[in-house]
Amino acid sequence: MSNEATSKLPTVELGTGGPLVGVQGLGCMGMSEFYGPTDTTEALATLDAALAAGVTLFDTADIYGSGHNEELIGPFVRAHREQVVLATKFAIERRADDPTYRGVRNDPAYIRSAVDASLRRLGVDVIDLYYMHRRDPQVPLAESVGAMAELVTAGKVKHLGLSEVTGAELREAHAVHPIAAVQSEWSLFSRDVERTVVGAAAELGIAFVPYSPLGRGFLTGSFANADQLAADDFRRSMPRFTGPNAAANAALVAPIQQVAEERGVTAAQVALAWVHQQAEVHKLVVVPIPGTRKRTRLAENAAAATLTLTAAELALLEPIGGEVAGNRYADMSFSSAGRE
């Protein structure tokens, strides 16, 4: 299997005048929660391995582990501050007395308090890329982005990003202050962003940062039904991975596995290579952030950044997205697709 990165990743610019980053980033969420038990020692070693492979964009959020994830990666970020491009997010609110509660806050006062809390947990003076994690349509976008812009003026944030916005929302925000990156789910299993967001990003020179580019692991073939996962794995609540949907979707992985076998690579590498190749297809910068807690998976993922699929292979994979059963989330109201 082709699991080893032979050289450092090529670099690209996040937005016009934005930071240079390795063409593949690292999602750090799973190091704190959501995907079952974590080996902290191995997770921290994975951060070092990522940097050695040329990964420089490290993605976290205040919601991950209710602040734990920012605290976890903080020492690593500080030790390599000149090399690391640090991305974190605000907007999803949790409550200590109700573990299931999720609210969305976009009001300026909340944004100002959230950035200070993130800076404190991370132990840094400035955040390289600060995302609005989710959009609250009840708060005018100009107010929220205006408050974020004030953070840039104050020197607390260098560049702004948005997550799960529509194409129209991205244009509206960019008119208030330049947006460097838009982050949304994008993979062979999740292509709704291609309706409006991808085109808007390409038009405006905004980088696209796909999260869950491996379909939350489903595209790797590592599980075929969420019942096979740990009891506290949040994928158990996701429509695509349970019941009849899971059975139907598992069959869709077959073409990915076919290409992988023919090329002598892994299914994960084929799925990731497809995401990377969307940069050429849609004429924009694409920096996927597959999440992993293991060095072996990190090397496997990084190698996919330079794997080029043929036109025939792309054609074989093309129908998958249109045949997926079930929504990305049980509640799609806070996704871009839910507002389009």
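**Notes on salt bridges and a helix pair**

1. Let's start with Arg 263, which at 33% relative accessibility counts as partly exposed (buried means under 20% relative accessible area, exposed over 50%, partly exposed in between, with a 1.4 Å probe and protein chains only). Arg 263 forms a salt bridge with Glu 313, their closest N and O atoms being 2.6 Å apart; a salt bridge here is a side-chain nitrogen of Lys or Arg within 4 Å of a carboxyl oxygen of Asp or Glu. Arg 263 lies in helix H8 (residues 254–263) and Glu 313 in helix H11, so the pair ties together parts that are 50 residues apart in sequence. Glu 313 itself is buried, with a relative accessible area of 10%.

2. A word on the basis: this is a predicted model, in which local features need pLDDT of at least 70 and side-chain atom pairs count only at pLDDT 80 or more, while totals for chains, interfaces and linings use all residues. Residues are numbered from 1 along each chain as its sequence is written, and side-chain values use heavy atoms, with hydrogens and water left out. Helices (H or I, at least four residues) and strands (E, at least two) are DSSP runs, numbered from the N terminus.

3. The structure holds 17 salt bridges. One of them joins the side chains of Arg 105 and Glu 93 at 3.3 Å, N to O. Arg 105 sits in the loop between strand E7 (98–104) and helix H3 (108–122), and Glu 93 in strand E6 (residues 92–95), 12 residues apart. Arg 105 is partly exposed at 28% relative accessibility, and Glu 93 is partly exposed at 21%.

4. Arg 191 and Glu 318 also meet in a salt bridge (3.1 Å, N to O). This pair links distant parts of the chain, 127 residues apart. Arg 191 is buried, at 18% relative accessible area, whereas Glu 318 is partly exposed, at 41%. Elsewhere, Arg 81, Asp 128 and Lys 158 are linked in a network of salt bridges.

5. Now the helix pair. The axes of H4 (residues 141–153) and H5 (residues 167–176) come within 9 Å and cross at roughly 45 degrees; axes are lines fitted to C-alpha atoms, for helices over the stretch in contact, and angles run from 0 to 180 degrees between N-to-C directions. H4 and H5 are therefore oblique to each other (under 35 degrees is roughly parallel, over 145 roughly antiparallel, 65 to 115 roughly perpendicular, and the rest oblique).

6. Leu 141, Ala 142, Val 145 and Gly 146 in H4 meet Glu 169, Glu 172, Ala 173 and Val 176 in H5, where contact means heavy atoms within 4.5 Å.
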